[in-house]
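Visitor: I'm new to reading protein models. Could you walk me through one feature, step by step?

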Amino acid sequence: MKAGIHPEYSEVVFQDVTTDFQFLTRSTLASGKKKEMIKWEDGNEYPLVKVDISSASHPFYTGKHKIMDTAGRVDRFRKRYAK
């Protein structure tokens, strides 16, 4: 690997702003121009990256997504064009 061309890979805390869910992971993302820091459970401070949606708030992962009635649509199509 060439030196100096790869982004820094370090530990970062991601926070879902809608549910206040937080998780610590490694990423190349930084917290932006003004570095926000957060004290984690282990006592260390890590950069904070705020996200709008995560697995804690996304409808697919929380089970609150709506299932479309495709069977009704198929039946209506068949009735309409069954001549």
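**Reading the aromatic rings**

Guide: Let's begin with Phe 21, which counts as partly exposed because its relative accessibility is 33%. Buried means under 20% relative accessible area, exposed over 50%, and partly exposed in between, using a 1.4 Å probe and protein chains only. This is a predicted model, where local features need pLDDT of at least 70, side-chain atom pairs count only at pLDDT 80 or more, and totals for chains, interfaces and linings use all residues. Residues are numbered from 1 along each chain as its sequence is written, and side-chain values use heavy atoms, leaving out hydrogens and water.

Visitor: How is a pair of aromatic rings described?

Guide: By the distance of the centres and the angle of the planes. Rings of Phe, Tyr and Trp (its six-membered ring) pair if their centres lie within 6.5 Å; planes under 30 degrees apart are stacked, over 60 edge-to-face, and the rest tilted.

Visitor: How many aromatic pairs does this rule give here?

Guide: The count comes to two. Phe 14 and Phe 23 are stacked, with 5.5 Å centre to centre and 20° between the planes. Phe 21 and Phe 23 form a tilted pair, at 5.8 Å and 40°. Together, ring pairs link Phe 14, Phe 21 and Phe 23 into a cluster.

Visitor: Is Phe 14 buried or exposed?

Guide: Phe 14 counts as buried, because its relative accessibility is 11%. Phe 23, at 32%, counts as partly exposed.

Visitor: And which residues does Gln 15 contact?

Guide: Contact means heavy atoms within 4.5 Å. Leaving aside neighbours within four places in sequence, Gln 15 touches several residues, including Phe 21 and Leu 48. Gln 15 is buried, at 12% relative accessibility.
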